[in-house]
Amino acid sequence: MSPADVLKYAQKNGAKFVDFKFVDFLGQWQHTAMPIGKLQEDSFSEGFGFDGSSIRGWQPINASDMGFIPDASTAIMDPFFAIPTLSLICDIVDAVTRQPYSRDPRNIARKAEQYLKSTGIGDTAYFGPEPEFFVFDEVRYSEAANQSSYFLDSSEGRWNSGRMENPNLGNKTPTKGGYFPVQPIDTLGDLRAEMALALESVGVPVEVFHHEVASGGQCELSMRFNSLVKMADWTMWYKYVVKNVARRHGKVATFMPKPIFGDNGSGMHCHQSIWKDEKNLFAGDKYAGLSEMGLSYIAGLLKFAPSILAITNPGVNSYKRLVPGYEAPVNLAYSSRNRSASIRIPISGPSPKAKRLEFRCPDPLANPYLAFPAMLMAGLDGIQNKLKPGEPMDKDIYALSPEELKDIPKAPGSLEESINNLKRNHQFLLKGDVFTPDVISGWIEWKEDNEIKPARLRPTTLDFALYFDN
């Protein structure tokens, strides 16, 4: 829609307010609202000012004046406001220079798309993420100098099979058994259906939805693939819709990768391909129906995975999912059909349009505006340097002996390890000024100061279980 079209759309839908959304450095939507009369055609070029000093990872207070410019193409009626409200996703600019702000993640995503075109390799990168999440009935947590605790609960949880529920009717989801029994074991079918309808109402097509493997309310809705920036926008809508529909029903949804001990965590497998002139460049006659370009893209992902996981798996908790010997794909190998490899080439049928690869390491804590470009830049480096991914791993990696496993590279075992890899090896991200040195250093600084160091300093309940009486 043009700016004029947006104003007509708002009037047609009776909008009383406009809600401006933008994403912070770490991947959480922020917003501010105004009466709809404040929105004019020139608002889409001039934008509005705001204080950026309180946004995580952004400007210091001595340079805090910033601007947001709404993107007319993102106009949609927000389904969660009681009063009709138009929603617009915004880009961030420097208040003085009016140039795109280097730490605006959406700006980085735009630059990644522009860089792809500048290389001549392709004109469109398609992404199809699969963010998994848990829906809980209750969550409590606290931490202080002398105590820490968390408690979460789900009526579906197998741990509640003996709870007095007046009456307890059983039908609890087995541990690692949630993929995917029907009702009455699966109690969240109607909730997922409502989430799917809400996503469709904001223009995000849903292809399938189901219960996921873990007990305690793990779910997934799969979106249709889209180009990089648009898919990042859709991923933000996905998280927003999932959380607000759950809240509407007195429940809470979380995209935390590993909230439950001893059961599956939540990943965000990312399907991806590169196209040019409406032709899928990953389709060919090599292994699993891939082209040489597709294999080189895989080689780039595998080479730089230890660095990009600092962006695609950005939390201390992310690495409680990425543990060797459990369900997560920690082995940096590729295969057709094999879900124990970190990169899988799905069986997609005879159409070359469906050929793609699936990177299985990422999790839904990731900021999609940073994660998608990081993966793209790694893959493009592989293409530019004609890298080879080595031989595929078509065995069940989980069943291999230690001797067979020793030569297969592993994903980093902690956020600190990933961050250290990013420090050493990030030149591929700087090509085309997609990620700037300031962005890389700012990301590293935030993660070390606000996540890695605090986690290292705090004792856990397991520390007391292991060591208190020794």
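Which hand does the crossing of α6 and α9 have, left or right? It's left-handed. Keep in mind that this is a predicted model.

**Where α6 meets α9**
- Helix α6 covers residues 292–312 and helix α9 covers residues 415–424; their axes come within 7 Å and cross at roughly 115°.
- On the α6 side, the contact is made by Pro306, Ser307, Leu309 and Ala310. Across from them, α9 brings in Ser418, Ile419, Asn421 and Leu422.
- Sort the residues of this contact by class and you get five nonpolar, three polar and no charged.

**Where α5 meets α7**
- Helix α5 (residues 228–248) also pairs up with α7: the axes come within 9 Å, and the crossing angle is roughly 145°.
- This crossing is right-handed.
- From α5, the residues making the contact are Leu228, Val229, Met231, Ala232, Asp233, Thr235 and Met236. From α7, they are Pro368, Tyr369, Phe372, Pro373 and Leu376.
- By class, the contact of α5 with α7 counts ten nonpolar residues, one polar and one charged.

**Helix α11, kink and all**
- Look along α11 and you'll find a kink of about 40°, centred on Glu448.
- Which residues of α11 are buried? They are Val439, Ile440, Gly442, Trp443, Ile444, Lys447, Glu451 and Ile452.
- The cover over those buried residues includes α3 (105–119), α6, α7 (368–384), α9 and α10 (427–430).

**Lys410, a lysine in a loop**
- You'll find Lys410 in the loop between α8 (402–405) and α9.
- Is Lys410 buried or partly exposed? Its relative accessibility is 34%, so Lys410 counts as partly exposed.
- Pro329 is 81 residues away from Lys410 along the chain, yet their C-alpha atoms are separated by 9.1 Å.
- Setting aside neighbours within four places in sequence, Lys410 is in contact with Val330, Asn331, Leu332 and Leu405.

**Cis peptide bonds**
- The bond from Asn166 to Pro167 is cis, with omega near 0°. Pro167 lies in the loop between β9 (148–153) and α4 (189–201).
- Gln183 and Pro184 are also joined by a cis peptide bond, with omega about 10°. Pro184 sits in the loop between β9 and α4.

**Positive phi without glycine**
- Glu278 isn't a glycine, but its phi is positive, about 65°. This residue belongs to the loop between β14 (268–276) and β15 (279–280), and at 72% relative accessibility Glu278 counts as exposed.
- Ala288, also a residue other than glycine, has a positive phi near 55°. Its place is the loop between β15 and α6, and with a relative accessible area of 25%, Ala288 is partly exposed.

Note on methods
Residues are numbered from 1 along each chain as its sequence is written. This is a predicted model: local features need pLDDT of at least 70, side-chain atom pairs count only at pLDDT 80 or more; totals for chains, interfaces and linings use all residues. Side-chain values use heavy atoms; hydrogens and water are left out. Axes are lines fitted to C-alpha atoms, for helices over the stretch in contact, and angles run from 0 to 180 degrees between N-to-C directions. Helices (H or I, at least four residues) and strands (E, at least two) are DSSP runs, numbered from the N terminus. A crossing is left-handed if the near helix is turned anticlockwise from the far one by less than a right angle, and right-handed if clockwise. Contact means heavy atoms within 4.5 Å. Ala, Val, Leu, Ile, Met, Phe, Trp, Tyr, Cys and Pro count as nonpolar, Asp, Glu, Lys and Arg as charged, and the others, Gly among them, as polar. The bend at a residue is the angle between axes fitted to the seven residues ending there and the seven starting there. Buried means under 20% relative accessible area, exposed over 50%, partly exposed in between (1.4 Å probe, protein chains only).
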